[in-house]
Amino acid sequence: MKNIPLILSASLFLSLATVSFCRAADTPPNVVLIFADDLGYGDLGCYGATKVQTPNIDRLAAEGRRFTDAHSVSAVCTPSRYALLTGQYPLRGNGGRGIWGPAPVTSPLLVDTEKTTIADVFKNSGYSTAAFGKWHLGFGQEENDWQEPLRPGPQDLGFDYYFGMPVVNSAPPYVFVENDRIVGSDPADPLVFLGRNPKGATPITPIPPEAAQRSRNQFGGAKEAHKLFNDYRVGTTLAEKSVEWINERKDKPFFLYLATTNIHHPFTPAKRFQGTSQCGLYGDFIHELDWIVGEVMACLEENGLSDNTLVIFTSDNGGMFNHGGQAAFKAGHRQNGDLLGFKFGVWEGGHRVPMIVRWPGKVKAGTTSNQLIGNVDMLATFAAVTGQKLDKPEQADSVNMLAAFVDEPEQPLRDHLVLAPHKGTHLSVRKGKWMYIPRQGSGGFGGRKPGDHTFAGPPAVSFVGSVNSDIEDGKIKKDAPPAQLYDLEADVNQTRNVYKERPEVVKELDALLSSYAPPKQASGPAKRNPRAPGNPAKKTPATPSPRTASFDFESGVLEPWKVVDGEFGHVIGSRDRFFHNQGEYNKQGDFYLTTLEPSAEATKGMDKQTGVIISPLFIPQGGTMTFRIGGGRGPSTYAALCTADGEEVAVARGINHQAMQQAVWDTTPYAGQKMFIKVVDHSTDGWGHVTVDDFQFDAKVLTEYSGSVSDF
């Protein structure tokens, strides 16, 4: 018998823990994910709140594990939900342009239906799946005109059933949607979008000014549908619908995603909760949220499901210092505890959120964890819970955190986390104890005085008494550093910017952040138009490369690249015009690599060709690798930068368009290592191809190939 080493790497430990856990599970666990809205780090009793009482959520913590370093990877509602469902940083959404702000009323569906979602993971394991509550990810392929059926939507992303608020409780339409239909819809009185300054809009529930801001209705018609929606009954309705769905599916595994509208403004708790807290309507709305959690937990217990159900409770971002938040503060409540900042900003108060995991017999009761974790990690974790293995493109930016749930690993499971505020200029990175923000300020809301709905940033920081070395009297100091670095291990409240004291850390984290190549933020609403040009590379002639390595295919043959899986009719193309619209090909020189063309004489492409193509190994000297890529943006068509053993460390895709887009990878972390490029096409329809050209970088190119070729 061989001796098994007692010291395992973190990745091997995680792998073995997951395997042994899955084998030990007698039956697949049910999973309930409760995703609160705008609930701050200091909004719960188990996280230190004293002006509100949250006995049901506190019980979850007492019977499970409370995380102290959990984050939404965006401090904004829509991109946060995108990350949760897809396991992908929202900076990669919208064809690479990123998703930064709340989806507008007319937004199309922002999640590519080819992308693997958390619901797909459970569907693949035979689970029933449902989403209840706030959606806010759009409907349809083009601008949403709200005409039924509302497709694609939740049912095209792995959910068997959907019921809820289609946008957000502060924005129209003020109706419920069930699956792809408006609840109470009438063909004789359809819902009609009237625009921002409507005349003849259908009346909605009256609310008092202290309930905080709500946009006026922008829709006419659908009078009965509007009557069925009452702001003061949204929370109780979502609880009732969730309980009803569990009762009907208690005999087979299920996944329930409950995205509450609590505690997003306007603050409209049911009458039974009004006046029950010590901090006004804000606290009363938290009390209703706690009741919702209690209703779901009671349903599980009554059906004998509690012991075999994994329950996760968290929030989409930190608390917002709006009218309700300001009133609660005056009453002595700090929604984000002592953390710096608020919703929409990249300071800790904007994205560090409560997170509680309960699973009797699997998660040790009454424990806490300081593991760094993001909501983007749910995809890989749920795959581990159900015993599935995702390929690298499917897993995207998600990390399997199951060991942080069921064990107590000593080493961090996640190396770093990219965190986004509303402004793309402030995309930031957390690594270990360090938080690096490449600009001054928070990149969030800009309200400057008490009473402003968007009161935030330096003025709000000073108003609530928070201390930060860059801020004085509500303003950034003139001599403040140009960027920010915080040691969160010693200073979680970000009182002291140590940017000037640790230049070596700044340099390392700035390079890491640059590898994510944050795109320029789009000023208009995100659209899913496959003909959108994106950021195409310019057509250029073939010229001698100033870099030490180049793959530009100007020899007209595939060598030294080779096909290691599948086959392609004409892998090195030389066309001057696109197939689809006869536009000019934006290639470099004459030749490019493609998985689309069946022959040199073909009059149209063929997506049914599939396979894998790899470059020879090379040893990068560091710096960026620039190239261009076109074709599909789904999970099965991409180019990847790989280590010699086949691990994909960077991925690029097209945007469902013939034009090749500009792309860049940072090879600095892999300088001196053997690497290779892999082009993957495993899709057979609908932009199921890849085109690449003009890889320029600094490296020594070898004559050998990866030993992992057999894995393809």
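1. Let's start with Asp487 and Lys433, whose side chains form a salt bridge with an N to O distance of 3.6 Å. A salt bridge here is a side-chain nitrogen of Lys or Arg within 4 Å of a carboxyl oxygen of Asp or Glu. Asp487 sits in strand E20 (residues 484-487), while Lys433 belongs to the loop between strand E16 (428-431) and strand E17 (434-437), so the pair links distant parts of the chain, 54 residues apart. Strands (E, at least two residues) are DSSP runs numbered from the N terminus. Asp487 is buried at 16% relative accessibility, whereas Lys433 is partly exposed at 31%. Buried means under 20% relative accessible area, exposed over 50%, and partly exposed in between, using a 1.4 Å probe and protein chains only.2. Before going further, please keep in mind that this is a predicted model, in which local features need pLDDT of at least 70 and side-chain atom pairs count only at pLDDT 80 or more, while totals for chains, interfaces and linings use all residues. Residues are numbered from 1 along each chain as its sequence is written, and side-chain values use heavy atoms, leaving out hydrogens and water.

2. The next pair is Glu597 with Arg575, joined by a salt bridge of 3.3 Å, N to O. Glu597 is in the loop between strand E24 (592-594) and strand E25 (611-614), and Arg575 is in the loop between strand E23 (572-573) and E24; the two are 22 residues apart and link distant parts of the chain. Both Glu597 and Arg575 are buried.

3. A further salt bridge, at 3.3 Å from N to O, brings together the side chains of Glu704 and Lys674. Glu704 lies in the segment after strand E33 (699-701) and Lys674 in the loop between strand E30 (657-666) and strand E31 (675-681), so this pair ties together parts 30 residues apart in sequence. Glu704 is partly exposed, with 36% relative accessibility, and Lys674 is partly exposed too, at 37%.

4. In total, the count comes to 34 salt bridges.

5. Finally, the second largest pocket has a volume of about 720 Å³. A pocket is an open set of points on a 1 Å grid over the protein atoms alone, where a 1.4 Å probe fits, with protein on both sides within 12 Å along at least five of seven lines. The volume is the space filled by probe spheres set on the points. The pocket is lined by 25 residues, with Pro102, Ala103, Pro104, Ala171 and Ser215 nearest its centre; lining residues have an atom within 4 Å of a point. This lining divides into 13 nonpolar, ten polar and two charged residues. Ala, Val, Leu, Ile, Met, Phe, Trp, Tyr, Cys and Pro count as nonpolar, Asp, Glu, Lys and Arg as charged, and the others, Gly among them, as polar.

Terms used: Helix = DSSP H or I, 4+ residues; strand = E, 2+ residues; numbered from the N terminus.
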